[in-house]
Amino acid sequence: MQAYRASLLHMLDDPAASDGAGCAYHDDGLLLVEDGIVQGCGDYADLAPRLDGATTVEALPGRLITPGFVDLHVHLPQVDAIASHGEQLLAWLDRHIYPAEAAFAEPVRAAEGARFFVSELLRNGTTTALVFGSVHKSSVEALFAEALGRDMRLIAGKVLMDRCAPAALLDTVDEGRRETLELIAAWSGRGRLGYAVTPRFAITSSGAQLAMAGEVLAAHPEVWLQTHLAENRAEVAEAAVLFPEARDYLNVYERYGLVGPRSVFAHCVHLDDNAFGRMAATGAAAAFCPSSNLFLGSGLFDLERAGALGVKVGVGTDIGAGTSFSMLHTLGEAYKVGQLRGEVLDPFRAFYLATLGGARALGLGDRIGNLAPGKDADFLVLDLAATPLLGRRMAGATTLADRLFALTILGDDRVVERTYLAGALQHRRGGIQPFAR
């Protein structure tokens with residue numbers, strides 16, 4: 001039994017759907033973990049009597065324990081193109097991203113990139129991620145191997161792309177099917193890994209390739225679907241030209257059987273109420289990527305409208321258009337997007353989106369997302385005085401909402417003192433680096 005005494009914070013439900021309730025906070029709390037599973041989470045005074053004399057309680061004064069973050073949209077091979085200047089989406093892909101992704105054809109490069117990528121996720125407190133690989137099968141193999149060695153819950157897929165991109169990055173319908181099926185057979189369900197069928201977006205996949213993706217998805221109900229949807233107005237216009245028979249962008253994916261309860265669509269910035277309603281009816285989810293949308297000038301996601309229409313929503317850093325691996329930083333950007341829309345993002349809802357909301361978007365709310373007994377012990381120890389400015393602001397905060405909001409605006413990787421995966425310490429700030437088991 002592992003026992004940690006600190007303040008504890010986690011979400012039990014979406015505050016927007018529970019009249020502002022749904023938050024559990026224990027100022028003097030105790031987290032109990034055994035065999036990688038949460039055994040107890042509550043007030044120290046209530047849980048301490050359950051401990052036997054052999055269990056040592058680690059006291060963590062001034063620290064806040066939370067669930068690990070769920071990053072609903074991020075790209076492995078775009079790390080080296082982060083902070084690339086001067087373009088919006090389609091030109092940015094051509095100028096910066098496709099060259100960066102081409103480098104992942106080299107297995108040694110892919111393995112080094114995967115090690116760095118997973119280490120950055122853990123350093124920033126992300127314990128579950130939905131990840132785009134490159135078109136190269138070896139990139140996804142390297143990523144899965146790295147995550148498996150650390151017992152990380154990670155879902156990823158090889159990009160499918162058979163047109164409208166550099167020749168070196170194109171596959172074919174048959175090659176894409178074969179490599180996708182090989183990856184599913186080799187990796188899906190190993191440890192805590194999952195596979196996502198991954199067409200980049202409608203522009204770079206022919207109808208035949210999208211049909212193939214739908215066939216694989218139907219034959220393997222255990223896998224996910226991830227792609228991009230309505231990120232940028234020029235992208236939406238180009239998709240309409242390439243698929244004139246579709247009523248709208250979402251309908252491109254609907255026609256090929258790609259919209260369902262295990263589908264996650266990144267961005268969804270330029271969708272109307274009808275499209276959001278159809279997503280909600282099928283249980284499909286949207287990944288809100290505020291840092292990326294602001295960086296590329298793509299637009300402002302309407303979080304309130306998506307939620308009101310019943311769409312499941314989580315948050316994605318979207319590296320490399322996103323500018324930080326930190327989900328805390330990304331929540332700060334989400335608040336700014338709301339301000340530009342004339343809406344105010346509640347700090348408890350923001351925290352929900354980055355934890356339990358993301359877990360529910362993946363259909364994993366029964367395994368991860370909060371610290372309820374029986375769930376995987378993926379959790380963080382946060383230092384609320386990690387920087388002088390944050391410490392000063394926290395000292396003057398008078399409510400839990402005030403402290404949580406300051407954390408999302410001023411926090412970043414420096415706040416994450418420890419990251420645990422299934423109860424095992426995998427990152428310690430200034431100490432151990434994540435290690436492979």
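Is D412 buried or exposed? I looked it up in this predicted model, where local features need pLDDT of at least 70, side-chain atom pairs count only at pLDDT 80 or more, and totals for chains, interfaces and linings use all residues. Residues are numbered from 1 along each chain as its sequence is written, and side-chain values use heavy atoms, with hydrogens and water left out.

**Entry: D412.** D412 is buried, with a relative accessible area of 17%. I take buried as under 20% relative accessible area, exposed as over 50%, and partly exposed as in between (1.4 Å probe, protein chains only). Its side chain meets that of R414 in a salt bridge at 2.8 Å, N to O. A salt bridge here is a side-chain nitrogen of Lys or Arg within 4 Å of a carboxyl oxygen of Asp or Glu. R414 is partly exposed, at 42%.

**Entry: R192 and D376.** I found these side chains in a salt bridge at 2.9 Å, N to O. R192 lies in the loop between α5 and β9, and D376 in the loop between α14 and β14, so the pair ties together parts 184 residues apart in sequence. Helices (H or I, at least four residues) and strands (E, at least two) are DSSP runs, numbered from the N terminus. Both R192 and D376 are buried.

**Entry: E112 and R109.** Their side chains form a salt bridge at 3.2 Å, N to O. The two are three residues apart in helix α3, so about one helical turn separates them. E112 is partly exposed, at 38%.

**Entry: whole structure.** My search of the whole structure gave 35 salt bridges.
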